[in-house]
Amino acid sequence: MKVAPKPVRSFEDLECWKACRNLRRFVSEEVVPQLPKEERYRMGDQLLRAARSTTANIAEGYGRFHYLDNAKFCSNARGSCWEVLDHLITARDEELVPEELLVRGRQLVGHTVRLLNGYMNYLKRTEGAPADKHS
C-alpha cells in the first residue's frame, strides 16, 4: 500500500530543508567545538556561514512563489553544501578536525545534495505547483 506524502505547508516540511538543518547542526554542534580555539573564529565562522546559508536559501526560495526563483535559491543552497564540504576538507588537511568528522560531513553533504537535486527536479517538472499554493 502506497502512503500519500504529507502536504507541504512550510519550507520546514521539505525533506531537503530538514537535511540542510541536520548539516547546519552538525557543523555548529560537532565540528566547530572540535576546532582549536584560535580557529573557531576563522574556520568556524566560514563553516557556520556556509552551513547557515543552506537552510536560509531554501526558506528564501520557498517564499518567492515562483518555481524558477525557488529552484535558483535551492541551487545556491546546494552550492553552500559543497562549500561546507570544502571547508571540512581544508580543516582535515590542516589537522584541525579528526578524519571521522570529515567522513560524517561527506555523508551528510551527499545526502543533502541528493535531496536538493530531487526537489529541484520536482520544481522543474511541475513548474512549482505547490509553491504557488503557500502563503
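**Figure 1. Tyr119 and Tyr122 in helix H4 of the predicted model.** Tyr119 and Tyr122 are three residues apart in helix H4, so about one helical turn separates them. Their rings form a stacked aromatic pair, with 6.4 Å from centre to centre and 20 degrees between the planes. The angle lies under 30 degrees, and the pair therefore counts as stacked. Tyr119 is buried, at 12% relative accessibility, whereas Tyr122 is partly exposed, at 29%. The burial of Tyr119 follows from the cut-off, because buried means under 20% relative accessible area. A search of the whole structure gives three aromatic pairs, and the pair of Tyr119 and Tyr122 is one of them.

**Figure 2. The aromatic cluster of Phe11, Trp17 and Tyr62.** Ring pairs join Phe11, Trp17 and Tyr62 into a cluster. Trp17 is buried, with a relative accessible area of 9%. Phe11, by contrast, is partly exposed, with a value of 25%.

**Figure 3. The salt bridge between Lys18 and Glu15 in helix H1.** The side chains of Lys18 and Glu15 meet in a salt bridge, with 3.2 Å from N to O. Both residues belong to helix H1, which covers residues 15–31. They are three residues apart in this helix, so the separation is about one helical turn. Lys18 is partly exposed, with a relative accessible area of 35%. Glu15 is also partly exposed, with a relative accessible area of 48%. The structure as a whole holds seven salt bridges, one of which joins Lys18 and Glu15.

**Figure 4. The salt bridge between Asp45 and Arg49 in helix H2.** Asp45 forms a salt bridge with Arg49, and their closest N and O atoms are 2.9 Å apart. The two residues lie four residues apart in helix H2, about one turn of the helix. Asp45 is partly exposed, with a relative accessible area of 26%. Arg49 reaches 58% relative accessibility and counts as exposed, because the exposed class begins over 50%.

**Figure 5. The salt bridge between Glu99 and Arg92.** The side chains of Glu99 and Arg92 meet in a salt bridge, at 3.2 Å from N to O. Glu99 is partly exposed, at 38% relative accessibility. Arg92 is likewise partly exposed, with a relative accessible area of 27%.

Figure 6. The crossing of H2 and H3 is left-handed. The contact between the two helices has twelve nonpolar, ten polar and three charged residues.

**Figure 7. The four helices of the protein.** The protein has four helices and zero strands, and along the sequence the pattern reads α-α-α-α. Its C-alpha atoms fill a box of roughly 45 × 35 × 20 Å along the principal axes. Of the 135 residues, 41% count as buried. Trp17, at 9% relative accessible area, and Tyr119, at 12% relative accessibility, are among the buried residues.

Methods: Residues numbered from 1 in each chain as written. Predicted model: local features only at pLDDT ≥ 70, side-chain atom pairs only at ≥ 80, totals over all residues. Heavy atoms only, no water. Left-handed = near helix turned anticlockwise from the far one by under 90°. Nonpolar A, V, L, I, M, F, W, Y, C, P; charged D, E, K, R; others polar. Salt bridge = Lys/Arg side-chain N within 4 Å of Asp/Glu carboxyl O. Buried < 20%, exposed > 50% of the residue type's maximum accessible area, 1.4 Å probe, protein only. Phe/Tyr/Trp six-rings, centres within 6.5 Å; stacked < 30°, edge-to-face > 60°.
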